[in-house]
Amino acid sequence: AGLPFAVTATVVDEFDNTCTNEFGPVSAMTVNGTGEVYGYESTSVIEGTGILYLTIDAADATYQIKYTYSVLPPVTSNVFRVVPAPLARLRVMDEALSRPVVAGEVVA
C-alpha cells in the first residue's frame, strides 16, 4: 500500500486489435471493497492506449476498480486483496540526530 502501480488501458476492436485511432479520457474508481484507490485516476488514451498510475490506501484491504472510457461499457476488475508484508525493521528519526537510527542500534 502507498506505492503507485501502473495500469495500462487499451481500446481494442472485436478482433482484439488496438484501435490506434482512439483518443480520449479513461478513468478508474473504486466501486467495492474496504480501501480506496487514488493517484492519477484519469488519463488520456493516445492512439488507443493510456496508462493510469494508481495507489491503494491500505494494506489488508479489499479493492474492486471500475474503468470507464467514452461510450464503451465500463470494465470492472475482480475483487482483490492487498496482504501486508511482515515488518522488516523500525526506523526512528530524532531531530537531535543527524542520521536515521535503526532499531537495536545504541544511540549516544
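**Strands, core and surface of a predicted model**

Ile-51 is found in strand 5, which spans residues 49–56. Strands (E, at least two residues) and helices (H or I, at least four) are DSSP runs, numbered from the N terminus. This is a predicted model, in which local features need pLDDT of at least 70, side-chain atom pairs count only at pLDDT 80 or more, and totals for chains, interfaces and linings use all residues. Residues are numbered from 1 along each chain as its sequence is written, and side-chain values use heavy atoms, with hydrogens and water left out.

The protein has 10 strands and zero helices. The mean pLDDT, the predictor's confidence in each residue on a scale from 0 to 100, is 85 for the protein. A value of 70 or more is reached by 89% of the residues. Confidence is highest in strand 7 (residues 75–76), at a mean of 94. It is lowest in strand 10 (residues 101–102), at 70. Where pLDDT is low, the predicted coordinates should not be read in detail.

Of the 108 residues, 25% count as buried. Buried means under 20% relative accessible area, exposed means over 50%, and partly exposed lies in between (1.4 Å probe, protein chains only). A nonpolar core is a set of buried Ala, Val, Leu, Ile, Met, Phe, Trp, Tyr and Cys residues joined through side-chain atoms within 4.5 Å. The largest such core has 17 residues. Val-26, Ala-28, Leu-52, Leu-54, Tyr-63, Ile-65 and Tyr-67 touch the most other members. Strand 1 (5–10), strand 2 (24–33), strand 5 and strand 6 each supply at least two residues of this core. Strand 6 gives the most, with five. Leaving aside neighbours within four places in sequence, Ala-28 is in contact (heavy atoms within 4.5 Å) with Glu-41, Leu-52, Leu-54, Ile-65, Lys-66 and Tyr-67.

The surface holds a nonpolar patch of Tyr-40, Ile-51 and Tyr-53. Patches are made of residues with over 30% relative accessible area and no salt bridge; like charges are joined within 9 Å, nonpolar side chains (Val, Leu, Ile, Met, Phe, Trp, Tyr) within 5 Å. Ile-51 counts as partly exposed because its relative accessibility is 37%.

A salt bridge is a side-chain nitrogen of Lys or Arg within 4 Å of a carboxyl oxygen of Asp or Glu. The count comes to one. Arg-81 pairs with Asp-60, the closest N and O atoms being 2.5 Å apart. Arg-81 lies in strand 8 (residues 80–82) and Asp-60 in the loop between strand 5 and strand 6 (61–69), so the pair ties together parts that are 21 residues apart in sequence.

Notes: Accessible areas come from the Shrake-Rupley method with a 1.4 Å probe; for residues, only the protein chains shown count as cover.
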